[in-house]
Amino acid sequence: MLTFLLKHYVFLKGAPKAIKRSAAITIGGIALAIAVLIVCLSVASGFEDAYKKSILDFNAHVVLLKDGGEIGDYQELMSDLKSFEGIVAVTPFLYRETMFVNKGVVKGGVLKGVDFKLMPKVSNVSLKKFAATPTRPDANTPTRPVYLGKALAEKLNITSTAGIRILIGENRFEKLLVIGTFESGLYDYDSQFALISIRDLQDIFEMDDAVTGIEMKVEDPDDAKKISSFLQEQFEYPYQVTSWETLNRPIFEAVHLEKLMFSIVVGLLVLVGMFNIIGTLILRMIYKAKDVAILSAIGMRRFFI
């Protein structure tokens with residue numbers, strides 16, 4: 001008796017084909033919708049992790065800037081920052097916007113002056129030198145080395161060691177020697193930035209020993225926001241302390257918005273599947289209504305039915 005009831009009502013043996021097909025389509029539809037939701041959210045989370053890695057490979061976890069100008073006493077500030085708990089390494093940097101010119105190709109970008117000895121302690125950007133090509137130097141051969149972002153080098157048609165000109169003022173150009181490239185993983189950085197010694201950049205623009213800011217690496221990147229808030233209390237205006245999350249907030253807000261839209265769109269598919277299940281259950285209830293009445297009439301318990 002029990003076996004007959006299971007086959008007849010649970011597995012719908014002898015039921016109309018329309019009900020069986022409806023049940024199969026509903027189950028397949030909602031399973032597909034949930035699978036799509038999981039895949040979409042996984043892809044969005046993967047993008048977020050990739051962005052985070054690329055950003056942290058090029059940028060520091062915490063940055064100290066000075067409102068309205070460069071920092072002149074940065075050596076003393078670096079010594080103070082090293083004493084704070086949680087800060088692993090510090091290094092100065094200097095930004096200057098310029099135009100890169102090579103064989104008629106002009107591209108705007110940013111020269112970032114760094115200390116190449118300290119930079120590896122804060123940044124994970126790998127510098128790739130071009131293969132050495134023996135050349136006979138002359139008076140016109142530039143001597144200040146520079147690394148271009150990989151995408152920037154491709155736009156300027158540079159594939160080996162070569163000279164390049166940069167605009168440093170009205171009708172004033174300076175020659176640099178491109179000795180290699182770097183790749184951060186984010187096109188925005190690789191297509192706009194060039195790395196040069198901070199001393200060379202100060203000499204090119206005829207400025208004093210000053211920097212744009214100080215970059216810091218902390219033990220845990222997720223604690224960067226908390227540490228930056230603490231440092232802001234220690235260093236009053238005009239100093240400004242910012243974490244990598246705040247500097248790159250638009251990117252992560254865009255990723256979060258994508259994840260939200262994925263959830264809404266695929267959630268609607270799940271909702272449609274849910275209504276299909278409800279419709280299928282109603283059909284199965286209607287199909288069983290007469291039999292339920294008969295089973296009740298012959299004394300079968302309600303709980304068992």
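Helices and strands are DSSP runs, numbered from the N terminus. In these terms, strand 1, strand 2 and helix 6 (187-190) each supply at least two residues of the lining of the largest pocket. Helix 6 gives the most, with three residues. The model is a predicted one.

The largest pocket holds about 380 Å³ of space. Its lining comprises 16 residues, and those closest to the pocket centre are Asn-59, Tyr-95, Tyr-189, Leu-247 and Asn-248. Sorted by class, the lining of this pocket has 11 nonpolar, three polar and two charged residues.

The structure holds one cavity of 30 Å³ or more. About 40 Å³ of space lies in the largest cavity. Phe-58, Lys-112, Val-114, Met-119, Ser-123, Val-125 and Leu-195 line the largest cavity. By class, five residues of this lining are nonpolar, one is polar and one is charged.

Helix 8 was examined next. Helix 8 spans residues 224-234, and its buried residues are Ala-224, Ile-227, Ser-228 and Leu-231. Seen down the axis of helix 8, these residues fall within an arc of 100°, so they line one face of the helix. An α-helix has 3.6 residues a turn, so residues three or four places apart point the same way. Lys-226 and Glu-233 are exposed, and they sit on the face of helix 8 turned away from its buried side. The buried residues of helix 8 pack against several elements. Among them are strand 1 (62-66), strand 2 (87-102) and helix 3 (74-82). Strand 9 (213-218), strand 10 (239-243) and helix 9 (244-247) are also packing partners of these buried residues.

Ser-243 is found in strand 10. Its relative accessible area is 0%, so Ser-243 is buried.

Strand 7 pairs with several strands. Strand 4 (residues 127-129) and strand 7 (residues 172-182) run antiparallel and are joined by three bridges. Here Lys-128 stands opposite Thr-181 in strand 7. Strand 5 (residues 145-149) pairs with strand 7 in the parallel sense, over five bridges. Pro-145 has Leu-177 as its bridge partner in strand 7. Strand 6 (residues 162-169) pairs with strand 7 in the antiparallel sense, over seven bridges. Strand 6 and strand 7 form a hairpin with two residues between the strands, and Asn-171 in this hairpin takes a positive phi near 60°.

Ala-162 illustrates the pairing of strand 6 with strand 7. Ala-162 lies in strand 6, and its bridge partner in strand 7 is Val-178. Leaving aside neighbours within four places in sequence, Ala-162 is in contact with Leu-176, Leu-177 and Val-178. Leu-177 is also the bridge partner of Pro-145. Gly-180 is 18 residues from Ala-162 along the chain, and the C-alpha atoms of the two are separated by 9.4 Å. Ala-162 has 23% relative accessibility, so this residue counts as partly exposed. The cut-off matters here, because buried means under 20% relative accessible area and exposed means over 50%.

How values were computed:
Residues numbered from 1 in each chain as written. Predicted model: local features only at pLDDT ≥ 70, side-chain atom pairs only at ≥ 80, totals over all residues. Heavy atoms only, no water. Buried < 20%, exposed > 50% of the residue type's maximum accessible area, 1.4 Å probe, protein only. Helix = DSSP H or I, 4+ residues; strand = E, 2+ residues; numbered from the N terminus. Arc of directions from axis to C-beta. Contact = heavy atoms within 4.5 Å. 1 Å grid on protein atoms, 1.4 Å probe; cavity = no way out; pocket = protein on both sides within 12 Å on 5 of 7 lines; lining within 4 Å. Points joined across faces, edges and corners; volume = space filled by probe spheres on them. Nonpolar A, V, L, I, M, F, W, Y, C, P; charged D, E, K, R; others polar. Pairing = 2+ DSSP bridges.
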